[in-house]
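Work through the following exercises with the sequence and the 3D view side by side, and try each task before reading its solution.

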Amino acid sequence: METIVYRIMEQEELARIGEIDRTEEWTFKYVYKDGELQKEPVHYQIARWDEQQVAEHSDMLLPLLQEGGSMVGAFAGEVLVGVAALGNRLLGEKQDLLQMAFLYVSHAFRRQGIAQRLMDNMCELAMARGAAGLYISATESGSAVGFYLDYGCEFADRVDPELFAKEPADIHLILRFA
């Protein structure tokens, strides 16, 4: 297994997210309906990001970083193979949660603990800022939702209206620290 190095990334490196191979096949997606998580069969082939998608994600992440958020990259040599981003705006009913805004690992590097380490980094950064937990608006894929639930996240009692408006199909989760 290749050595992975984790480090804080700078705003100027945002376009590097295009190095991540997010390809994936979905055979089902999750829908949170009537207070429970339900599986719906689908068949999606998720392709690599194109230049426009990289620009859109970079444009979405830039204000987050400008407002004091953080982005951590996982590097195999010089190649970015995983990334996670943490917001700096407090959310939740008690205004004590920070948004876990972005988490991707390249296809060939999945199931090697990289997402776990990136998530650990996000938790450490959030705790250092005094947050009581993370708010996650997760893509409805089986792999994403499964990862977050395995990590210890729970369904949000109340969804953040702004995040819900942006991504109404997302599954909204909370990870409370201790």
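**Exercise 1.** Compare the span of helix 1 with its expected span.

*Solution.* Helix 1 covers residues 51-66, which makes 16 residues; helices here are DSSP runs of H or I with at least four residues, numbered from the N terminus. The expected span is 1.5 Å times one less than the number of residues. From its first C-alpha to its last, helix 1 reaches 22 Å, close to the 22 Å expected.

This is a predicted model, in which local features need pLDDT of at least 70 and side-chain atom pairs count only at pLDDT 80 or more, while totals for chains, interfaces and linings use all residues. Residues are numbered from 1 along each chain as its sequence is written, and side-chain values use heavy atoms, leaving out hydrogens and water.

**Exercise 2.** Find which residues of helix 1 are buried, and what covers them.

*Solution.* Buried means under 20% relative accessible area, with exposed over 50% and partly exposed in between (1.4 Å probe, protein chains only). The buried residues of helix 1 are Val 54, Ser 58, Leu 61, Leu 64 and Leu 65. Their cover includes strand 4 (70-76), strand 5 (79-91) and strand 6 (97-105), strands being DSSP runs of E with at least two residues.

**Exercise 3.** Decide why Arg 110 counts as partly exposed, and locate this residue.

*Solution.* Arg 110 sits in the loop between strand 6 and helix 2 (114-128). Arg 110 counts as partly exposed because its relative accessibility is 27%. Its side chain reaches the backbone oxygen of Thr 23 at 2.8 Å and the backbone oxygen of Val 105 at 2.9 Å.

Key
Contact = heavy atoms within 4.5 Å. Polar contact = N/O pair within 3.5 Å; in protein donor to acceptor, adjacent residues only side chain to side chain.
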